[in-house]
Amino acid sequence: MSHVKSGKDDLLKRVKRIAGQIQAVERALVSDDDCAKTLHLVAATRGAINGLMDEIIEDHAREHVANPGLSDEERAKGVEELLEAIRRYTK
């Protein structure tokens with residue numbers, strides 16, 4: 001994923017925010033917080049993970065599927081990698 005290097009700092013910031021959100025969910029569970037509050041924390045975390053996934057999918061599609069310099073074999077490989085990730089993500 002060398003193409004991700006250009007956005008690496010932004011992606012790492014997102015991951016750190018997600019890690020903070022996961023820690024907040026853990027604290028809510030340990031503290032026996034109200035289930036509604038915990039649900040909101042989980043929903044926010046899921047939204048953040050979805051956003052991260054969307055960004056990485058878009059980067060992959062642009063670089064490994066839509067890049068005009070790719071061979072047919074490279075493009076087919078990129079499509080298969082993308083579909084495999086999407087299948088795993090949606091299960």
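Colleague: How does H1 pass H2, in a left-handed or a right-handed crossing?
Modeller: In this structure, which is a predicted model, H1 passes H2 in a left-handed crossing.

Colleague: And at what angle do H1 and H2 pack, and how far apart are their axes?
Modeller: The angle between H1 and H2 is about 160°, and their axes lie 9 Å apart. Angles over 145 degrees count as roughly antiparallel, and H1 and H2 are therefore described as roughly antiparallel to each other.

Colleague: OK, switching to charges, how many salt bridges are there?
Modeller: The structure holds five salt bridges. One of them joins Arg 14 to Glu 55, where the closest N and O atoms are 3.0 Å apart.

Colleague: Which helices do Arg 14 and Glu 55 lie in?
Modeller: Arg 14 belongs to helix H1, which covers residues 8–30, while Glu 55 belongs to helix H2, which covers residues 35–64, so this pair ties together parts that are 41 residues apart in sequence.

Colleague: Is Arg 14 exposed or only partly exposed, and what about Glu 55?
Modeller: Arg 14 counts as partly exposed because its relative accessibility is 26%, and Glu 55, with a relative accessible area of 25%, is partly exposed as well.

Colleague: Which residue does Lys 37 meet in a salt bridge?
Modeller: The side chain of Lys 37 meets that of Asp 33, with an N to O distance of 3.2 Å. Lys 37 is partly exposed at 45% relative accessibility, and Asp 33 is also partly exposed, its relative accessible area being 29%.

Colleague: What about Arg 88, which side chain does it meet?
Modeller: Arg 88 meets Glu 84 in a salt bridge, at 3.1 Å from N to O. Both residues lie in helix H3 and are four residues apart, which is about one turn of the helix.

Colleague: How accessible are Arg 88 and Glu 84?
Modeller: Arg 88 has a relative accessible area of 63%, so it is exposed, whereas Glu 84, with a relative accessible area of 39%, is partly exposed.

Colleague: Changing topic, which residues make the nonpolar surface patch?
Modeller: That patch is made by Val 79, Leu 83 and Ile 86, and its area is about 180 Å².

Colleague: Where is Ile 86 found, and how accessible is it?
Modeller: Ile 86 is found in helix H3, which covers residues 72–90, and with a relative accessibility of 32% Ile 86 counts as partly exposed. Helix H3 also holds Arg 88 and Glu 84, the pair whose side chains meet in a salt bridge.

Technical notes
Residues are numbered from 1 along each chain as its sequence is written. This is a predicted model: local features need pLDDT of at least 70, side-chain atom pairs count only at pLDDT 80 or more; totals for chains, interfaces and linings use all residues. Side-chain values use heavy atoms; hydrogens and water are left out. Patches are made of residues with over 30% relative accessible area and no salt bridge: like charges are joined within 9 Å, nonpolar side chains (Val, Leu, Ile, Met, Phe, Trp, Tyr) within 5 Å. Accessible areas come from the Shrake-Rupley method with a 1.4 Å probe; for residues, only the protein chains shown count as cover. A salt bridge is a side-chain nitrogen of Lys or Arg within 4 Å of a carboxyl oxygen of Asp or Glu. Helices (H or I, at least four residues) and strands (E, at least two) are DSSP runs, numbered from the N terminus. Buried means under 20% relative accessible area, exposed over 50%, partly exposed in between (1.4 Å probe, protein chains only). Axes are lines fitted to C-alpha atoms, for helices over the stretch in contact, and angles run from 0 to 180 degrees between N-to-C directions. Angles under 35 degrees count as roughly parallel, over 145 as roughly antiparallel, 65 to 115 as roughly perpendicular and the rest as oblique. A crossing is left-handed if the near helix is turned anticlockwise from the far one by less than a right angle, and right-handed if clockwise.
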